[in-house]
Protein chains: 2
Amino acid sequence: MDVARLKSIVGAQHVRDAIDELYVYGADASVHQAMPQVVVRPGSIDEIREIARYANSELIPIVARGAGSGMSGHAVPLKGGIVLDMKRMNRIIEIKPDDMYCKVEPGVVDDDLNRALKPYGLSYPPSPASSRIATIGGEIGNNASGIRSVKYGATRDYVLGLKVVLADGELVDLGARTRVEAAGYQVHRLIVGSEGTLGIIVEATLKLVPLPKFRCLSVAMFDKLEDAGESIADIIASGCEPSMLELMDDIAIKAVNTTLNMGLPEVDAIIFFEADGKVKEAIDYEITTMQEICKKHNGQITATSYDLKERTKYFSGRKKLFAALAKYKDGYACTSLADDMAVPYTKMAECARKIHEIADKYGVIMTAYGHCGSGVMHTKILMNPNDKEKWEGAKKAVEAIYDYVDKVGGVTSGEHGIALSKAPAWKKARPDLMKVMTKIKKALDPNNILNPDKLMDAPDDWYTATPIRYMIDKEKTAG
Amino acid sequence: MDVARLKSIVGAQHVRDAIDELYVYGADASVHQAMPQVVVRPGSIDEIREIARYANSELIPIVARGAGSGMSGHAVPLKGGIVLDMKRMNRIIEIKPDDMYCKVEPGVVDDDLNRALKPYGLSYPPSPASSRIATIGGEIGNNASGIRSVKYGATRDYVLGLKVVLADGELVDLGARTRVEAAGYQVHRLIVGSEGTLGIIVEATLKLVPLPKFRCLSVAMFDKLEDAGESIADIIASGCEPSMLELMDDIAIKAVNTTLNMGLPEVDAIIFFEADGKVKEAIDYEITTMQEICKKHNGQITATSYDLKERTKYFSGRKKLFAALAKYKDGYACTSLADDMAVPYTKMAECARKIHEIADKYGVIMTAYGHCGSGVMHTKILMNPNDKEKWEGAKKAVEAIYDYVDKVGGVTSGEHGIALSKAPAWKKARPDLMKVMTKIKKALDPNNILNPDKLMDAPDDWYTATPIRYMIDKEKTAG
């Protein structure tokens, strides 16, 4: 690694290779860990092109990194090399309110973009839960989505155009600025969700939508998870168009009550549902229809409000769930494994129940919650990370869950991507896609320098793929 | 060409090579024409796989064809070979109303699908104007969209999954059945809009949406095109969410009045706008807001209705425009050249005016109309197709229009695809994309058998690319 050369490209202060800094860049929000050789913080497209040319000629891996908030290991530099920290490139290049698009650099933080759009009455809606830190580049790499995807869709629906630096340093300008186009392969949409393996995103043109004038949230409690599941299925089948439809199971409820003292009723399941728009009558109609459906299935409506403060209060249990799970029990860790599969709507409740059964069978604690409106089920495995037996149980639980998901026509990941953690299950489920992906990857990155050994090239066992971050006992390593 | 072998694969009655039938299959709705060697009508995926294996081993081109309603030459078999007529594969495999998706074979006609969905209160909305004949497979190949794309998006937003036969006969199952996924490259969305050059679509899983309960149409007349343009820009900028926003210029108005006796006021421009949804108050709000904007810009509201019959009547001028243009003047032809560019919203009126200026300059008649809500401007060149000077004028007009479109940040095609007619302008505008496309094409179809010589591989001059369909004087041919 010619660190001096990298310093000459981006400036010495933007190249880091001290061990403590490399350590930080060796992890993201997944369970994985691997050390890069050097961290480079480019400030321009030209610098990135020069870095790519150098890396390609020397066969050095490049892993582009946003906030490192990915939960499947996207930003973990499995083969060392260069981590390209994109956060200096955080300029909002232009906002065109009349043409309803904006252009941004990849390091722009999602919430910062939405704050800048607000004065224009516009929003960029596919934001994931991590929008406070997640960067647009990372979201595109991951095809991110969040609680409002039921109405507003995922990142793939908002990327109109991309500038991408290819593995050999070539810069390509892809896509358009217009709402529709039928003008050649949608390569920019192929880049969305390619997890940094096909090119380095250096600029994005994003579709914007009007901010809703009103938003109404309602909450329903259920004594039986199955009733909540029936309600979700009926809400979808009724033609309702919620802007959010979230489920929390009993374990999730207990977690926020125990660790955050939320005081939620300890029922079997809670559904949060929301409608938004410009006209109150239409929102009232949606909310009332959804409430009636919940009541029909023995749900109890405990709260309904248009007020931002009240909505925030009612939803805080769900909003803070991830933090609550992380503190579920002293010495426990909240691990992202089999944590974001998507299943057909009609399978949501069955899937939640199945997760509980599997967790019991393999002696781990698992919770089920998620964006039911998009078919996304979230789970976390809660356990003492230093108990090796629990990891064995977790491994088996993960396998059993993915077998179930595949059987009912679901997908390995609805939101968090494949990278390392989900690769074994995904490879089993999607051999056809893998074959085509391998052909495309070879065509665009023949030297395999861009985020190598992820997705179809990832190790077959996530558990031994890298050292596991949570284990204090370091006996178990990647070897 | 081993016709006997093809007959043994699909049955003798499904293989056609009589000259009159080949002639029919040599054209689509574009100006182009080229003869295939044989037409094959497969009835199953296995038959298609066998045909592909044979064609790939013998380096015979395959052009998959739906209704042949494409306007840029997608289905014209430029290098002869096999035309694969997909219309026998017209089964709606399943409709899953509760999970909001359906699975169809590629030969299903768009309107037939929507008729089948209606009893479930569902729709597949990206339908183009040709939905009466267009097949789902063709629409996917073209990334089709139509008058409601402003609210409902294009085909690319509805394809959840695809089964595709690759050039070598391999069958791959891509995408998912769930609303969101972050599970590997979005290869199925790369196939959308690839114009038959990457694979043969043999099954599609499509996202469905609820049918609106109410739809309201309103019509505004303008004495000045610029006022109509300002209204369109303000409607978009206001956060209005029309389900349709259409413009007709003076030539288009004259055409429907002259040829169809429509009796529309002969103003400079008409805007049709529509809102739909479940709640009347919300639709009223949208319609009133749009009407106020039109009035502010000197527009006169001449009609407003929720009634299907009345809406059909008011809109019939726009609906029948294409037919009217085809009969504009005795001996004239209505040619699809530079006919569907997309430009930023704020450039719609300027673009329409520019089209008139360019038409005048080059001695042809051009009209401007389109789906302003999506930034799509439609034009047609009306002329005597046997007057060679007019073709010279048309060629220059097309070039001038695309130079303008590129300059204002538009794209060569918003809806009708590139194929042959748009390829010269598109190649000039999108050299970066072409380079990446070439790499992907080589990776997936190394022998270049799938719809060869289209898009990046199309001839540099559309005028000499093939014989021109409308010319009675056959002196001008592809040579």
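Reply: Let's start with helix α4 (residues 110-117) of chain A, whose buried residues are Asp110(A), Leu113(A), Asn114(A) and Leu117(A). This is a predicted model, where local features need pLDDT of at least 70 and side-chain atom pairs count only at pLDDT 80 or more, while totals for chains, interfaces and linings use all residues. Residues are numbered from 1 along each chain as its sequence is written, chains are lettered from A in the order in which they are written, and side-chain values use heavy atoms, leaving out hydrogens and water.

Me: What do the buried residues of α4(A) pack against?

Reply: Their partners in chain A are β5 (92-96), β6 (101-104), β7 (122-123), α5 (136-142) and β10 (200-207). Helices (H or I, at least four residues) and strands (E, at least two) are DSSP runs, numbered from the N terminus.

Me: Why does Lys380(A) count as buried?

Reply: Buried means under 20% relative accessible area, exposed over 50%, and partly exposed in between (1.4 Å probe, protein chains only). Lys380(A) has 1% relative accessibility, so Lys380(A) counts as buried. You will find Lys380(A) in strand β18 (residues 378-383) of chain A.

Me: Which side chain makes a polar contact with the side chain of Lys380(A)?

Reply: That is the side chain of Tyr369(A), at 3.3 Å. A polar contact is a pair of N or O atoms within 3.5 Å; within protein, one must be able to donate a hydrogen and the other to accept it, and residues adjacent in sequence count only if both atoms are side-chain atoms.

Me: How do you know that Lys278(B) and Glu286(A) meet in a salt bridge?

Reply: The rule asks for a side-chain nitrogen of Lys or Arg within 4 Å of a carboxyl oxygen of Asp or Glu. Here the N to O distance is 2.9 Å, and the pair meets in a salt bridge. Across the interface of chain A and chain B the rule finds 10 salt bridges.

Me: How many residues does each chain give to the contact?

Reply: Chain A gives 82 residues and chain B gives 82 residues, with contact meaning heavy atoms within 4.5 Å. On the side of chain A that touches chain B, α16(A) gives the largest share, 10 residues.
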